[in-house]
Amino acid sequence: MAISIKPLGDRVVVEPIEQEEVTAGGIVLPDTAKEKPQQGMIVAVGPGARDEDGDRVVMDVKVGDRVLYAKYAGTELKLDGKKVLILRESDILGIVESK
């Protein structure tokens, strides 16, 4: 059974992009030496927060965007064996654009 999450308000679901396990010099990094990922792919977006008048504020990100987020932001959980993060749009630092 596949589980899906529809985030509420200004929250997004991000699938972290893990760093490579082998350095450029060929050194294999154990899990304890890896840094916590700060980039991920957005897999779900909430409808947006509400302003003082009760109107929805449009989200700046969309599904499929590759984003950079704060190192210890959000809540981690596992869905169908994959690690995902639920975080607020304000925890997203920027959208990574490829050239």
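**Exercise 1.** Is Arg88 buried, partly exposed or exposed?

*Solution.* The structure is a predicted model, in which local features need pLDDT of at least 70, side-chain atom pairs count only at pLDDT 80 or more, and totals for chains, interfaces and linings use all residues. Residues are numbered from 1 along each chain as its sequence is written, and side-chain values use heavy atoms, with hydrogens and water left out. Buried denotes under 20% relative accessible area, exposed over 50%, and partly exposed the range in between (1.4 Å probe, protein chains only). Arg88 has 36% relative accessibility and is therefore partly exposed.

**Exercise 2.** Identify the salt bridges and characterise the partners of each.

*Solution.* Step 1: the criterion is a side-chain nitrogen of Lys or Arg within 4 Å of a carboxyl oxygen of Asp or Glu.

Step 1: Arg88 pairs with Asp10, with 2.9 Å between the closest N and O atoms. Arg88 lies in strand β5 (residues 82-88) and Asp10 in the segment before β1 (11-16), so the bridge links distant parts of the chain, 78 residues apart; strands are DSSP runs (E, at least two residues), numbered from the N terminus. Asp10 is buried, at 16% relative accessible area.

Step 2: Lys62 pairs with Asp65, the closest N and O atoms lying 3.1 Å apart. Lys62 is exposed at 53%, whereas Asp65 is buried at 9%.

**Exercise 3.** Where is Leu93 placed, and is Leu93 buried or exposed?

*Solution.* Leu93 belongs to strand β6 (residues 92-95). Its relative accessibility of 56% makes Leu93 exposed.

Definitions and conventions: Helices (H or I, at least four residues) and strands (E, at least two) are DSSP runs, numbered from the N terminus.
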